[in-house]
Amino acid sequence: MNDHYLKKLDRVTAILTQLQSKPLVRAQDLAKKFEVSVRTIYRDVKTLENAGIPIIGEAGSGYSLMEGYKLPPVMFTKEEVLSFITAEKLMQKFLHESLGNHYQNAMEKVRSVLKYSDKNLIENIEKQIDVFNYHPKTEDKIQNIIPIILESIAEKKQLTLEYETVDAQVSTRTIEVVGVFFEFNYWYIMAFCTLRNDFRQFRVDRILKIFKTQNPFLQEYGQINDYRQSPNGNRTRVRLLVEKKIIGHLVNSKKYYGLVEEIEREDGIELIFETDWIKEGFPRWLITFADYAEVLEPEFLKDSLKDLIKDILKKY
């Protein structure tokens, strides 16, 4: 069998896997994924149909497997098995606790379809891989909270929650969740808040109560990154000129404080932020490297730094 037919066999098998894992698959998406023409995908789908696979759909609309059709268990390559082991170690450290049991059950099902030799491979190597996480896990006040949030997204139903702010104030909010994300050891919700009539972030471990309502979303939403990257009316634009020798120490924290642009100049690196924490958080972070930075704007940030330094000096 020559190389052309081997590539086609691998591609046709991969297309079948895509059909098993998704409700609808477009030929254009498959062509992009496998870096071939759309006409080639049409021929590959025809090959599957000729092999007796009941595929519903046609060129231009998308393909799916006939409902109820069952295929034999998927066989994994050795490289895929090794990737499962590594991913499982990562999930044990970083997965939200409300998803832990569900993930463990899913992995047991994956292990059940492995070949005997692959099961031995896992047993021999899984104790040789570890992930060290030095941040303590946050404790949620509600069990199974992430699945509740994900269900509301899938069903497009509003959530009502009691939320405790950083200064221990509790309020009741009705929200429409755009998505969830993990950042700096915390899980967050990005949602449209009907009380504020604007988009807000909510830290999951600060939710005291949560209820899924039967009220549908009032509007359609895009992807979560569209909202995380877009500045809103509550943010303040900040420009800093930072010495190049310190920039490597700010890799993660500068994104956390709202970095939107980074410009290299002869006299340093200009960092541009859109931040929500201009009153407290941003000045306290900036003071940790203020001797290597110059505030270009806003002017009042310089006064905030001076006041903060004065308060520190009073104690020392």
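1. Is S152 buried or exposed? S152 is buried, with a relative accessible area of 0%; buried means under 20% relative accessible area, exposed over 50%, and partly exposed in between, using a 1.4 Å probe and protein chains only. S152 belongs to helix α7, which covers residues 145–155. Helices (H or I, at least four residues) and strands (E, at least two) are DSSP runs numbered from the N terminus.

2. A word on the model comes before the rest. This is a predicted model, in which local features need pLDDT of at least 70 and side-chain atom pairs count only at pLDDT 80 or more, while totals for chains, interfaces and linings use all residues. Residues are numbered from 1 along each chain as its sequence is written, and side-chain values use heavy atoms, with hydrogens and water left out.

3. The protein chain has eleven helices and eleven strands. Of its 316 residues, 34% are buried. Contact means heavy atoms within 4.5 Å. Among contacts between residues at least 6 apart in sequence, 59% join residues at least 24 apart.

4. Apart from neighbours within four places in sequence, S152 is in contact with K157, L159, V177, K212 and F217. Just after α7, K156 takes a positive phi of about 55°.

5. K212, one of the contacts of S152, also forms a salt bridge with E151, at 3.1 Å from N to O. K212 lies in strand β7 and E151 in helix α7, so this pair ties together parts that are 61 residues apart in sequence. A salt bridge is a side-chain nitrogen of Lys or Arg within 4 Å of a carboxyl oxygen of Asp or Glu. K212 is partly exposed, with a relative accessible area of 29%, and E151 is partly exposed as well, at 38%.

6. Strand β7 is part of an open, antiparallel sheet of five strands in the order β6-β5-β4-β3-β7. The edges are β6 (198–203) and β7 (207–216); each has a single partner strand, so one side of each is left without a neighbour in the sheet. From one strand to the next the twist averages 45°. Two strands pair if DSSP finds at least two bridges between them. Strands β4 (residues 170–183) and β5 (residues 186–193) pair in the antiparallel sense over eight bridges.

7. E176 is found in strand β4 and stands opposite F192 in β5. E176 is buried yet has no salt bridge, and the nearest side chain of opposite charge, K156, is 9.4 Å away. Here Lys and Arg count as positive and Asp and Glu as negative, while His and the chain ends are not counted. A polar atom of the E176 side chain lies 2.9 Å from the backbone nitrogen of L218. Not counting residues up to four places away in sequence, the residues that E176 touches include Q158, A191, F217 and Y221.

8. A second open sheet has four strands in the order β9-β10-β8-β11, with antiparallel pairing. Here β9 (259–265) and β11 (293–297) stand at the edges with a single partner strand each, so one side of each is left without a neighbour in the sheet. The twist averages 20° from one strand to the next. Helix α11 (residues 299–315) lies across β8 (236–242) and β11, running at about 140° to β11. Angles run from 0 to 180 degrees between N-to-C directions, and axes are lines fitted to C-alpha atoms, for helices over the stretch in contact.

9. In this second sheet, β9 and β10 form a hairpin with two residues between them. Six bridges join β9 to β10 (residues 268–275), and the two run antiparallel. L259 stands opposite F273 in β10, and the bridge partner of I263 in β10 is E270.

10. E270 also forms a salt bridge with R239, the closest N and O atoms being 2.8 Å apart. This pair links distant parts of the chain, with R239 in strand β8 and E270 in strand β10, 31 residues apart. R239 is buried at a relative accessible area of 19%, and E270 counts as buried at 7%. Salt bridges that share partners join R237, R239, R265, D267, E270 and E297 into one network.

How values were computed:
A polar contact is a pair of N or O atoms within 3.5 Å; within protein, one must be able to donate a hydrogen and the other to accept it, and residues adjacent in sequence count only if both atoms are side-chain atoms.
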